[in-house]
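Trainee: I would like to go through the terms used for this model and see what each one rests on. Please set each value against its definition.

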Amino acid sequence: MMKKNKISIYIHIPFCRSRCHYCDFCSSVIDKKQVEKYIKYLKKEIHLYKDILEGREISTIFIGGGTPSSIDEIFIGQILEEFKNFNFSKDIEITIEANPNSLSLEKLKKYRNFNINRISIGAQSFNNKILKTIGRIHNKEEIFKTVEKIKEAGFTNFNIDLMLALPYQTLKDIEESVEILKILNPNHISYYSLIIEDNTNIKKLYDKNSSLFPSENMDRKMYHYLVDNLEKIGYDQYEISNFAKKSFECKHNLSYWTLKDYLGFGLSASSNLREKRFTNTCSFPSYYNSLDKEEKPIDFSEILSKKDRMNEFSIMGIRLNSGIDTKNFEEIFSTNFFKYYEKEIDKHIKDGLIEVKKDKICLSKKGRDLSNIVEVDFIK
């Protein structure tokens with residue numbers, strides 16, 4: 001019997017209790033009637049992809065947003081029920097994103113009953129002043145209580161999302177964060193630097209008083225401290241912004257970073273099936289209107305050329321600590337990586353930004369600080 005091709009699933013829940021000051025995602029402040037309608041239509045959309053899913057093995061499901069934990073857990077159960085007749089990998093990873101103040105023990109136990117086996121907590125900081133400044137509606141104490149509930153509910157895999165370069169943040173905050181992480185003991189940690197997006201409250205704050213934010217030099221100091229000290233307490237850095245205990249790397253994100261196929265459902269969700277990429281509309285009315293007509297709510301689609309996919313494979317792979325798998329590159333594209341990128345490889349080896357390790361091309365420690373420069377050169 002032929003082995004079924006694996007696929008990952010992303011489900012977008014575009015609702016939050018309030019909007020964070022740095023957020024420009026496709027999300028809406030929660031409204032019960034709107035949620036009920038949205039879930040009804042989300043199920044319609046899943047049904048439209050039945051023919052694709054029937055021939056695949058689902059290896060990961062990621063429920064993101066927005067804040068999926070802000071809606072009633074019954075809706076999460078209904079969504080996952082839509083996939084019950086499809087093939088799941090034996091070791092399927094099913095993640096739900098959550099905010100600390102939206103998780104009760106009862107809700108967590110229901111998630112476990114729905115076979116969710118990984119929780120991703122949007123903590124962002126352990127400093128209450130910083131949390132308030134960036135518009136988060138939880139505090140440090142609630143993060144601790146939430147982790148206790150997660151463990152009590154029987155989850156053995158959870159991630160904590162944190163951010164760097166936030167207003168009022170200092171190196172001391174980062175040092176204290178590492179000590180707190182030792183206590184909370186998550187299996188996985190994501191630490192992303194703040195990106196200041198246009199038309200957000202954080203952009204207004206930055207324009208008004210940029211001195212409240214750490215300098216670029218301080219951002220790097222914070223990052224280096226994290227990399228060095230998270231390793232000391234048992235977390236391997238496996239991607240520029242992601243750290244995990246052994247065997248707890250995020251399978252879902254790895255599927256993105258290694259260009260595996262994935263389907264996204266819901267507002268603004270993106271999909272990638274081989275060379276075809278497409279993205280759903282970010283408009284509620286357009287989303288509903290398309291599905292009323294039994295049409296997929298796609299707003300944008302493109303066919304990626306071989307060159308496009310080689311570029312993506314390279315710039316995604318270089319972010320991973322394991323590096324670009326040049327043998328895999330050759331198997332997929334029938335092209336020798338070392339010949340195709342000969343000039344770029346020579347240049348960055350001389351500059352000390354990349355290293356060659358057998359069949360892998362990896363960023364050096366210096367290269368991780370200047371990864372954008374390397375990524376740009378791998379786009380041909």
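Mentor: Start with His188. Leaving aside neighbours within four places in sequence, His188 is in contact (heavy atoms within 4.5 Å) with Arg118, Phe158, Asn159, Ile160, Tyr235, Tyr238, Asn242, Phe243, Ala244, Phe248, Glu249 and Cys250. This is a predicted model, where local features need pLDDT of at least 70, side-chain atom pairs count only at pLDDT 80 or more, and totals for chains, interfaces and linings use all residues. Residues are numbered from 1 along each chain as its sequence is written, and side-chain values use heavy atoms, with hydrogens and water left out.

Trainee: Why is His188 called buried?

Mentor: Buried means under 20% relative accessible area, exposed over 50% and partly exposed in between, with a 1.4 Å probe and protein chains only. His188 has a relative accessible area of 1%, so it is buried.

Trainee: What makes the residues 188-193 a strand?

Mentor: Strands (E, at least two residues) and helices (H or I, at least four) are DSSP runs, numbered from the N terminus. His188 lies in the run 188-193, strand E8.

Trainee: Which residues touch the most other members of the largest nonpolar core?

Mentor: A nonpolar core is a set of buried Ala, Val, Leu, Ile, Met, Phe, Trp, Tyr and Cys residues joined through side-chain atoms within 4.5 Å. Here the largest has 85 residues, and Leu53, Phe83, Ile116, Ile119 and Ile160 touch the most other members. Helix H1 (residues 32-48) gives the most to this core, with seven residues.

Trainee: Why is this core said to lie between domain 1 and domain 2?

Mentor: Domain bounds come from an automatic or database domain assignment. Domain 1 (6-257) and domain 2 (322-378) both give residues to the core, so it lies between them.

Trainee: How do you know that E16 and strand E17 pair?

Mentor: Two strands pair if DSSP finds at least two bridges between them. E16 and E17 (residues 360-363) have four bridges, in the antiparallel sense. Ile354 stands opposite Leu363 in E17.

Trainee: What is the strand order in the open sheet of three strands?

Mentor: The order is E15-E17-E16, with antiparallel pairing. Strand E15 (324-325) and strand E16 (354-357) are called edge strands, as each pairs on one side only.

Trainee: What about strand E11: which residues are buried on its two faces?

Mentor: Tyr262 and Gly264 are buried on one side of E11 (residues 262-265), and Leu263 and Phe265 on the other. Four bridges join E11 to strand E1 (residues 5-13), and the two run parallel. Leu263 is the bridge partner of Ile9.
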